[in-house]
Amino acid sequence: MRLVFAGTPEAALPSLEALVASRHEVVAVLTRPDAPAGRGRKLTPSPVAARAEELGLPVLKPDKPGDEDFVAELTRLAPDACPVVAYGAMLPPRVLEIPRLGWLNLHFSVLPRWRGAAPVQHAIMAGDQEIGTSCFSIVSKLDAGDVFRTSSMPTPDATAGELLASLAESGALQLLESLDALEAGETPTPQPDDGITLAPKVTVEDARIDWSASAPHIRNLVMGCSPDPGAWCEFEDERFKVYRARVVEDPEPGAPGRLRTTKRQVFVATGQSELELLEVQAAGKRRMQGIDWARNLPAGKVLA
């Protein structure tokens with residue numbers, strides 16, 4: 001089939017690579033426009049744009065996918081189908097109608113749970129015991145199309161970034177299988193009406209730590225927000241981020257936020273038990289092991 005692939009972040013790269021190596025023909029790549037990045041805020045191509053250019057593929061970067069020039073170019077390309085992985089913008093109805101067999105999306109949850117932009121983050125933050133992927137036909141309603149393939153597995157002890165990278169690799173094969181099913185005329189399965197949850201983008205304010213919450217709740221927030229936007233609190237009136245933590249059972253943890261150190265570990269009291277701080281970042285510092293940050297820390301210090 002003639003394909004136009006749509007994707008933007010690193011999580012879309014395994015699927016792009018798999019499609020290019022397959023029997024299908026990728027005739028162009030659709031991605032979000034270049035965006036400011038780094039300390040200099042220099043305009044930088046998306047990871048998908050950069051890789052597509054290395055592969056010699058035409059790259060389309062409309063400001064909006066409904067722009068007339070893009071609609072005309074997609075019509076000219078005449079794709080049979082358009083596979084999508086984390087493109088990052090809603091597709092208008094007239095664009096959805098252009099490919100002969102429609103648009104097929106790889107989504108990082110078992111639908112209908114966690115429809116939206118940040119399914120992996122929300123799954124970890126909610127303490128879900130299972131995580132997975134779904135391939136479905138895109139319709140105008142958010143992540144509501146009929147499903148060709150799903151897979152699930154127990155949620156590992158991993159950050160959102162680590163889990164997303166793993167799902168991106170396994171999901172690439174699922175996307176290829178779903179494209180074959182689409183081409184063969186297989187009838188996908190409608191999503192159930194119950195069990196729908198939403199996964200909007202996680203904001204910086206969403207990622208703020210409340211040390212009076214339980215240790216498992218805070219651990220899930222930390223792991224779900226790592227690496228971006230990074231769960232945070234305040235230490236000595238400056239922002240302090242926690243990227244990895246572990247629950248430590250303690251029936252009498254002390255006042256929430258109070259730090260406790262040993263020779264090799266640093267702990268913080270919560271509303272229920274303690275957390276061991278495994279990876280942190282103080283203001284103006286690099287990311288480091290929790291104990292490296294806490295070494296020589298005076299007794300009685302508190303995170304707020």
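1. Let us start with a term: a helix axis is a line fitted to C-alpha atoms over the stretch in contact, and angles run from 0 to 180 degrees between N-to-C directions. Helices (H or I, at least four residues) and strands (E, at least two) are DSSP runs, numbered from the N terminus.

2. A word on where this comes from: the model is predicted, local features need pLDDT of at least 70, side-chain atom pairs count only at pLDDT 80 or more, and totals for chains, interfaces and linings use all residues. Residues are numbered from 1 along each chain as its sequence is written, and side-chain values use heavy atoms, with hydrogens and water left out.

3. Now the overall picture. The protein has 304 residues, of which 49% count as buried (under 20% relative accessible area, with a 1.4 Å probe and protein chains only). It contains 8 helices and 15 strands, and its C-alpha atoms fill a box of roughly 70 × 45 × 30 Å along the principal axes.

4. Next, look at helix H1, residues 13-21. Pro-14, Ser-15, Leu-16, Ala-18 and Leu-19 are buried there. Their cover includes the strands E1 (2-7), E2 (25-30), E6 (82-85) and E7 (103-107), together with helices H2 and H6 (160-183).

5. How do H1 and H6 pack? Their axes lie 8 Å apart, at an angle of about 45°. H1 and H6 are therefore oblique to each other (angles under 35 degrees count as roughly parallel, over 145 as roughly antiparallel, 65 to 115 as roughly perpendicular, and the rest as oblique). From H1, Pro-14, Ser-15, Ala-18 and Leu-19 meet Ala-168, Glu-169, Ala-172, Leu-175, Leu-176 and Leu-179 of H6 (contact means heavy atoms within 4.5 Å). By class, this contact of H1 with H6 has 8 nonpolar, 1 polar and 1 charged residues.

6. Which residues of H1 meet H2? They are Leu-13, Leu-16 and Glu-17, and their partners in H2 are Pro-47, Val-48, Arg-51 and Ala-52.

7. The axes of H1 and H2 (residues 47-54) come within 10 Å and cross at roughly 25°. That makes H1 roughly parallel to H2.

Definitions and conventions: Buried means under 20% relative accessible area, exposed over 50%, partly exposed in between (1.4 Å probe, protein chains only). Ala, Val, Leu, Ile, Met, Phe, Trp, Tyr, Cys and Pro count as nonpolar, Asp, Glu, Lys and Arg as charged, and the others, Gly among them, as polar.
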